[in-house]
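Hello,

Here is the structure I promised to pass on to you. Please open it alongside this email, and then read on for what turned up in it.

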Amino acid sequence: MSWLSPHIATQIVDFSSAMLLLTCFAIVAQRRLSACVDLFALQSLFLAMTAALVAFFTGTRHIYIAAALTVVVKVIVIPRVLKGVIERLNVTRELVMRINIPASLLICGALVMIAFFITQPIIPFGHLLTRDSLAIALAIVLIGFFTMISRQKAVTQLIAFLVMENGLFLGATAATYGMPLIVELGVFFDVLVAALIAGIYTNRLQDAFDSVDTTHLTELKE
Amino acid sequence: MITDQSIFQAIALTLAQAIVLISVAPAIVGLIRKVKARLQCRQGAGIFQPYADLRKLFRKQPVVSTTASWIFTATPYIVFASTLTAGLLVPVFASQMPLNFAGNILAFVYLLALGTFFLILAGLDAGSSFGGMGSSRESIVASLTEPAMIMAIFAIALAAGSTNLSTIVHKTALLEGIVTDPSSHVMALAALFIVTLAETGRVPVDNPATHLELTMIHEAMVLEYSGRYLAVMEWASGIKLLVFLTLIANVFVPWGIATRVTPVALSIGLAVYVVKVAGLAVLIGTIECMFAKLRLFRVPDLLGVAFILALLGLLFFYILRG
């Protein structure tokens, strides 16, 4: 956009990717599963907003389609599926976690710093308007990965997986102004299917063990 | 060069700021209550009800426990004075306050901490079991909010290159010589907002509307107060809330504040200030309706989030500018 200076455009995109990181921390600190799902939906909304902003500032039309798909798939469909799973499981909060919340938060803080330091050498070479978003995207992937490891319930692990995917999408948008549309479509389909399968798998886990604690999967059972 | 005119102007500005803080505070408390009532489908008392409450309390005869020492009767005035002094260090409607030579962020934080310290002492002083319990809880919360609060303001102070609140607000308002960085700005803002909820005893941490021993923190400490002492205490807690809202409004979104001392700029600044603070009050009222109070042992989790966010806000500055 010619009427807006590139500096301001960068700041707006940075602002909306910072909101993504903020919701990440909220998900890590949250115990109630349904609130985690709501926060994931909110994060996806910020992701769609970031993608739409990038599309607007760069004039890359096909990112609009990806942003619209994000809203449909990650803000509406997947949260509904997850809410259904949570309702059926009749679990409202996660009480078992391997690492308690304050320690998790500290580790996540360290992960964010690592992400920023890793991308530090790359940033000066980039002339894209989304330079800082790359670091945030990497931080979100790392936090998602860490949450997947540190939580024991299948539902939170699924949410963490989706958070990781959000980070990857942000990274793709930030680094290359979006992948080709056919790739985006493929990824969206994959994520949707993965979420559905994980939802069914969580239900089966509940039927088999009366719990969605994934540590039970290591036990041998007839 | 200090002239008679500039001294007169400085005194007038400081007095005006004190009057604005003292007079607007009860209305903000009333506004939050009104928003909560409306969202709960109640009519609710008017926005100006707290003024009537204060007048009623000032007329009543105070009752003081026979075991209480001088600390008990001195505390309301100390809390009121320290909170108001802290408030005078924060630019309210003009970006350069005459009192800014007197202190920076650290003075601000520890003036508030002085009030909290005496509040804790007074809670213990009367010898009631609830007061001691409230004091113990308040000291947990206060010790956890302090680092988050200092770091959140430091994140902004680094960008402005000064720990003086007037300078920070002035430079940010004029976008003069500083590059604000959205990520650290957002992180620090979120941290300071959580700290505000905790420090002023709003819902996720404390419930200002109950007198239930399981939930109260601030209310437990002021339980023994009555009459004019209670009025001063309530007024001081209203001012503390307003000072925090002012801090959020003017340090993070200072645009609209008067950067020069002219009547037009000052009146625009005042109008913008009232709108911003009222908006924040509506936001707090909405949040109080949406969330339940946290269990006391969950409060460190929430304040842990605030601390980490503030820390990240601080570090982003070095990493992104480094």
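Below is a walk through the main findings, grouped by topic.

One thing to keep in mind from the start: this is a predicted model.

**Salt bridges**

Side chains of opposite charge can pair when their charged atoms come close. Over all chains, the structure holds seven salt bridges. Here are some of them.

In chain A, the side chains of A:Asp38 and A:Lys83 form one such bridge, with 2.8 Å from N to O. The two residues come from distant parts of the chain: A:Asp38 sits in helix α2 (residues 33–58) and A:Lys83 in helix α3 (residues 62–89), 45 residues apart. A:Asp38 is partly exposed, because its relative accessibility is 43%. A:Lys83 is also partly exposed, with a relative accessible area of 31%.

Another bridge in chain A joins A:Asp207 to A:Arg88, and their closest N and O atoms are 3.2 Å apart. Since A:Asp207 belongs to helix α7 (residues 181–209) of chain A and A:Arg88 to helix α3, this pair ties together parts that are 119 residues apart in sequence. A:Asp207 is partly exposed at 48% relative accessibility, and A:Arg88 is partly exposed at 45%.

**An enclosed helix in chain B**

Next, have a look at helix α6 (residues 165–174) of chain B. Why can this helix be called largely enclosed by the rest of the structure? Because seven of its ten residues are buried. They are B:Leu165, B:Ser166, B:Ile168, B:Val169, B:His170, B:Thr172 and B:Ala173. Their cover includes α3 (70–89), α4 (105–125), α5 (129–160) and α9 of chain B.

The two ends of α6(B) are worth a look as well. At its start, a side-chain oxygen of B:Asn164 comes to within 3.1 Å of the backbone nitrogen of B:Ser166. After the helix comes B:Leu175, which has a positive phi, near 50°.

**The nonpolar core**

The largest nonpolar core has 164 residues. Those with the most contacts inside this core are A:Leu21, A:Phe25, A:Val112, A:Ile159 and B:Phe108. Among the elements, α9(B) gives the most to the core, with 17 residues.

What does A:Phe25 touch, leaving out residues up to four places away in sequence? In chain A, its contacts are A:Leu105, A:Cys108, A:Gly109, A:Val112 and A:Ile143. In chain B, A:Phe25 touches B:Ile308, B:Leu309 and B:Leu312.

A polar atom of its side chain lies 2.9 Å from the backbone oxygen of B:Val92. Apart from neighbours within four places in sequence, B:Asn250 is in contact with B:Pro91, B:Val92, B:Val169, B:Ile257, B:Tyr273 and B:Lys276. One of these, B:Val169, is also one of the buried residues of α6(B).

In chain A, A:Met97 is placed in the loop between α3 and α4 (101–119). This residue is buried, at 15% relative accessibility. Its C-alpha atom is 5.6 Å from that of A:Gln152, although the two are 55 residues apart along the chain. Not counting residues up to four places away in sequence, A:Met97 touches A:Arg31, A:Ser150, A:Arg151 and A:Gln152.

**A nonpolar patch on the surface**

Finally, turn to the outside of chain B. B:Ile7, B:Ile11, B:Leu15 and B:Ile19 make up a nonpolar patch on the surface, and together they have about 390 Å² of accessible area. B:Leu15 belongs to helix α1 (residues 4–39) of chain B and counts as exposed, at 51% relative accessibility.

Enjoy exploring it!

Best wishes

Terms used: Residues are numbered from 1 along each chain as its sequence is written. Chains are lettered from A and ligands numbered from 1 in the order in which they are written. This is a predicted model: local features need pLDDT of at least 70, side-chain atom pairs count only at pLDDT 80 or more; totals for chains, interfaces and linings use all residues. Side-chain values use heavy atoms; hydrogens and water are left out. A salt bridge is a side-chain nitrogen of Lys or Arg within 4 Å of a carboxyl oxygen of Asp or Glu. Helices (H or I, at least four residues) and strands (E, at least two) are DSSP runs, numbered from the N terminus. Buried means under 20% relative accessible area, exposed over 50%, partly exposed in between (1.4 Å probe, protein chains only). Contact means heavy atoms within 4.5 Å. A polar contact is a pair of N or O atoms within 3.5 Å; within protein, one must be able to donate a hydrogen and the other to accept it, and residues adjacent in sequence count only if both atoms are side-chain atoms. A nonpolar core is a set of buried Ala, Val, Leu, Ile, Met, Phe, Trp, Tyr and Cys residues joined through side-chain atoms within 4.5 Å. Patches are made of residues with over 30% relative accessible area and no salt bridge: like charges are joined within 9 Å, nonpolar side chains (Val, Leu, Ile, Met, Phe, Trp, Tyr) within 5 Å. Accessible areas come from the Shrake-Rupley method with a 1.4 Å probe; for residues, only the protein chains shown count as cover.
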